[in-house]
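Subject: Structure handover

Hello,

Here is the structure I promised to pass on. Please open it alongside this email.

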Amino acid sequence: MILKIRLLLITAQLRQLEIFRALNHQGNVAITLTNLGNTLIDMEKYEEARNVLQEALVLKERLYGVDSKDIIHTLNRLSKAQRLLGQLEDARGHAERALR
C-alpha cells in the first residue's frame, strides 16, 4: 500500500515538474525537485535522489544565492542521500554548509 502511494506521489511530482517547467516557474521547479528527492530517499532510490537534489540545489543557488537560508533543506536532504550512498566526504560538506 505504501509503495503504491509513493509511486502515485512520484507520478504527481513528475507532472508538477512538467507543468512548472512549461510555465517557467523556476521556484516551484526547485521546490518540486526537492520534494521528489525526498520521496526517492523514502523509496531507497538514493542515487536518483542525489541527482534530483543536486539539480534542485543548483537551481536554488541560482535563484536565491549560495548563502540563502532557502537552500538549507535541500542541502540536508542531499547530504542524507550522499551518506546513504557512502559518499561521506560530500555528505559532510553539504551538512556543514547547511549549518552555516
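Below are my notes on one helix pair and on a few residues around it.

This is a predicted model, where local features need pLDDT of at least 70, side-chain atom pairs count only at pLDDT 80 or more, and totals for chains, interfaces and linings use all residues. Residues are numbered from 1 along each chain as its sequence is written, and side-chain values use heavy atoms, with hydrogens and water left out.

Start with H3. Helices here are DSSP runs of H or I, at least four residues, numbered from the N terminus. H3 covers residues 46-64. It has 19 residues and reaches 26 Å from its first C-alpha to its last. That is close to the 27 Å expected at 1.5 Å a residue (the expected span is 1.5 Å times one less than the number of residues).

Now its partner, H4, residues 72-84. The axes of H3 and H4 come within 9 Å and cross at roughly 150° (axes are lines fitted to C-alpha atoms, for helices over the stretch in contact, and angles run from 0 to 180 degrees between N-to-C directions). That makes H3 roughly antiparallel to H4 (angles over 145 degrees count as such).

Which residues meet? From H3 come Tyr46, Ala49, Arg50, Leu53, Gln54, Ala56, Leu57 and Lys60. From H4 come Thr74, Leu75, Arg77, Leu78, Ala81, Gln82 and Leu84. Contact means heavy atoms within 4.5 Å. The residues of this contact divide into 9 nonpolar, 3 polar and 3 charged (Ala, Val, Leu, Ile, Met, Phe, Trp, Tyr, Cys and Pro count as nonpolar, Asp, Glu, Lys and Arg as charged, the others, Gly among them, as polar).

The buried residues of H3 are Ala49, Arg50, Val52, Leu53, Ala56, Leu57, Leu59, Lys60 and Glu61. Buried means under 20% relative accessible area, exposed over 50%, partly exposed in between, with a 1.4 Å probe and protein chains only. Their cover includes helix H2 (26-42), H4 and helix H5 (88-99).

Arginine 62 is also in H3. It is exposed, at 58% relative accessible area. Arginine 62 and glutamine 26 are 36 residues apart in sequence and 9.9 Å apart in space, C-alpha to C-alpha.

Last, the backbone. Just after H3, glycine 65 takes a positive phi of about 100°. Two residues have a positive phi although neither is a glycine:

- Asparagine 24: phi about 60°, in the loop between helix H1 (2-22) and H2, exposed at 55%.
- Glutamate 44: phi about 65°, in the loop between H2 and H3, exposed at 58%.

Best wishes

Terms used: Parallel < 35°, antiparallel > 145°, perpendicular 65-115°, else oblique.
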